[in-house]
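Okay, thanks for making time, everyone.

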Amino acid sequence: MLAPAASVTIAEAEQLVFLEAELLDEWRLDDWLGLYSDELTYLVPTPGMPADCSPDTSLFLINDDRFRMESRVKRLKKRTAHSEYPHSTTVHMFSNLRIAGHDADGTRVNGAFQVSRYRDGIMDIFLGRVRYVLVRQGEQVLIRYKRCDLAMDELVPQGRLTIIL
Amino acid sequence: MDQQVTPPLEINADPAQGLFQVSRRVFTDQHILDLEHQKIFERCWLYCGHDTELPEPGSFLTRTVAGRDFIFNRDSTGKVGVFYNLCTHRGGRVCRERSGKATVFQCFYHGWVFGSDGGLRVIPQEGAYPDGYKNKGLGLVHVPRLEQYRGFWFINLDANAMSLSDYLAGAKEYIDDIVDQSEIAMMVVPGGQNFQVDANWKLWHENGMDPFHVHSVHATYFEYSADTAKAGKERAQSQGVSIAEFDRKASAEEMMKGRFAALMQTKTKMAFDLGNGHMAYNYPSSHGRPFAQWHPSWDPKFKPELDSLYEKLVARVGPERAKRIAHFDHHILIFPNLAIVDNHGIMIRTYFSKKPEEMLVQSWTLAPQEESPEIRKLRLYSYMDFLGPAGFGTPDDVEAIEAAQRGYKGAEDYGGWNDISAGVAPKDPESFIKNGDEGRMRVFWTKWQEYISA
């Protein structure tokens, strides 16, 4: 376990989140994984669920720990990940970022996201709210927790969610 | 299993030549979709919702079935009802919330008020009508038929339809194998996954029965599964947990061997035509099952509880049935548009097209009500290993059927046919035993043709 985290500034948080957006849009997925701490959680609840729903008691779209997130990246890099081959072109935009608090887990950063996905002639938009927990590890600031709550009741017309938000 | 189909129309069946083809027009033609709406969706029993989604008197959900908007609710006495979600006055949408609890529904357009039993309670301008006007059948319109089987509520738009029990026919015992995973009742876990797929509804149903897509479409899932098994094996060994019985590669090929070889010889491997266009198949699972089957890919800390669930199941239903329920994955396809898949979790899924090239998929997951918080958490984590719009399996199925749908665009130019002939006249009699065949899909198509031609 990490020691109680030294707080992260909003400038550091923005730099990290914008770098995440850039790495995802460039499909540099291994570099992107490097932005996360060893212990990590990446959550996307089922659309239409309340902001406090838990993956322990509700059906989610994504509930990744490090093992499954690494597996997700490994899969996305294969030609046989048919749903992302050829892969989508994305633009990740994170906005409204603010420091929502500090505690033993790290610094909580809240914001909004808009991710566009273009593939095979079809453009879809994913919109919602994002919550991060960032931690300081030595010289680095890393993501320990990321949760994206979609601002919609159903994935219509978006359908599958095979890109990383 | 393969019944004689009268050509021509949309199916070209010639058993002597080992041939069974379906016209690609059935996926693209608006006229055929209109026929399906009229002759299939307005005549068959359609899944609407689960009993546990309405936990108490007054609970309601708005739900779309066959493109219609319904209110699915429990009235103040606890009786389940399904009403068209429109006001009998001028057709306003009576309920605009997704779920909740209500003793009355008030149409916001002109203020008419209906009880939870659908009856009209208040007309604000009552003096403008004759005495007793509101009692003259102006309540919310009930769906023509509503019946349930073991907590699964179905509707039928045809008042003269056969009973749900007769309709489900041989599928009932497969549903029993799902429901009996609980000592009390199965429940729908919060969180319904609704998503659009840009393909015709029949392609999704067909995909659920298709044995031959698995290795190619889901290659990355099997590789992931092998990774989890490898990591889990090391973890188990480091904790001194014996995994000898699981010591095999978690590949699809290996799935057919080893520990499960004996099980594979049982009749349950076979695909069954369950009557009325339904079919189901069971196969030995190559992963952990949240109900009563631990697997090395899971932390050994879960093993004692899963083993104990299995022992309790044996005591409750006997060893033979317990093995079938806990050690096998189950796919149940209810004609025309319901799939119940029990593998990494239990998925209920329906699909319906308003346009030939598009469908709305609605899915939910079931779990035993009495399940412990630890196993529930494991179940919900496990579900996403394969299932759902962001799982490692489902999205590749979606890609496959969407790509096929796109391909059909030009099919009218050359009279294109899909080939579903595998197993009609196999030269190798062992072929089915080894690999399965496309007979399950022919069960669906044969019934589809029967309805469309009626």
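Predicted model: local features only at pLDDT ≥ 70, side-chain atom pairs only at ≥ 80, totals over all residues.

Let's start with A:H92, whose side chain makes a polar contact with the side chain of A:D25, at 2.6 Å. Where does A:H92 sit? In strand β3 of chain A, which covers residues 89-103. And is A:H92 buried or exposed? Buried, with a relative accessible area of 7%. If you skip the neighbours within four places in sequence, the contacts of A:H92 are A:A21, A:L24, A:D25, A:Q114, A:V115, A:I164 and A:L165.

A pair of aromatic rings is described by the distance of the centres and the angle of the planes. Over all chains, the count comes to 23 aromatic pairs. Take B:Y221 and B:F222: the ring centres are 5.3 Å apart and the planes stand at 65°, and over 60 counts as edge-to-face, so that's what this pair is. Both B:Y221 and B:F222 are buried.

Another edge-to-face pair is B:Y224 with B:F392, at 4.8 Å centre to centre and 80° between the planes. B:Y224 lies in helix α6 of chain B (residues 219-238), while B:F392 is in the loop between α11 (373-386) and α12 (394-407) of chain B, so the pair ties together parts that are 168 residues apart in sequence. B:Y224 is buried at 5% relative accessible area, and B:F392 is buried too, at 1%.

A:R68 lies over the face of B:Y381, 3.6 Å from the ring centre. Then, within chain B, the charged end of B:R440 sits over the ring of B:Y281, with 3.6 Å to the centre.

Now some strands. In chain B, look at β17, residues 328-334: how many of its seven residues are buried? Seven of seven. B:F328, B:H330, B:I332 and B:I334 point one way from β17(B), and B:D329, B:H331 and B:L333 point the other way, with all of them buried. On one partner, β16 (residues 278-284) of chain B, six bridges join to β17(B), running antiparallel; B:Y283 has B:D329 as its bridge partner there. β18 (residues 338-342) of chain B is joined to β17(B) by five bridges, again antiparallel, and B:H330 is bridged to B:D342. With three residues between them, β17(B) and β18(B) form a hairpin.

Last stop: an open three-stranded sheet in chain B, in the order β1-β2-β21, with antiparallel pairing. β1 (11-14) and β21 (417-419) are the edge strands, each pairing on one side only. On average, neighbouring strands in this sheet are turned by 20° against each other, ignoring direction. Between β2 (residues 19-23) and β21(B) there are three bridges, and B:S23 has B:W417 as its partner in β21(B). Finally, helix α15 (residues 439-453) of chain B lies across β1 and β2, running at about 60° to β2(B).

That's my tour, so over to you.

Notes. Residues numbered from 1 in each chain as written. Chains lettered and ligands numbered in written order. Heavy atoms only, no water. Phe/Tyr/Trp six-rings, centres within 6.5 Å; stacked < 30°, edge-to-face > 60°. Buried < 20%, exposed > 50% of the residue type's maximum accessible area, 1.4 Å probe, protein only. Helix = DSSP H or I, 4+ residues; strand = E, 2+ residues; numbered from the N terminus. Lys NZ or Arg CZ within 6 Å of the ring centre and 35° of its normal. Polar contact = N/O pair within 3.5 Å; in protein donor to acceptor, adjacent residues only side chain to side chain. Contact = heavy atoms within 4.5 Å. Pairing = 2+ DSSP bridges. Axes fitted to C-alpha atoms, helices over the stretch in contact; angles between N-to-C directions.
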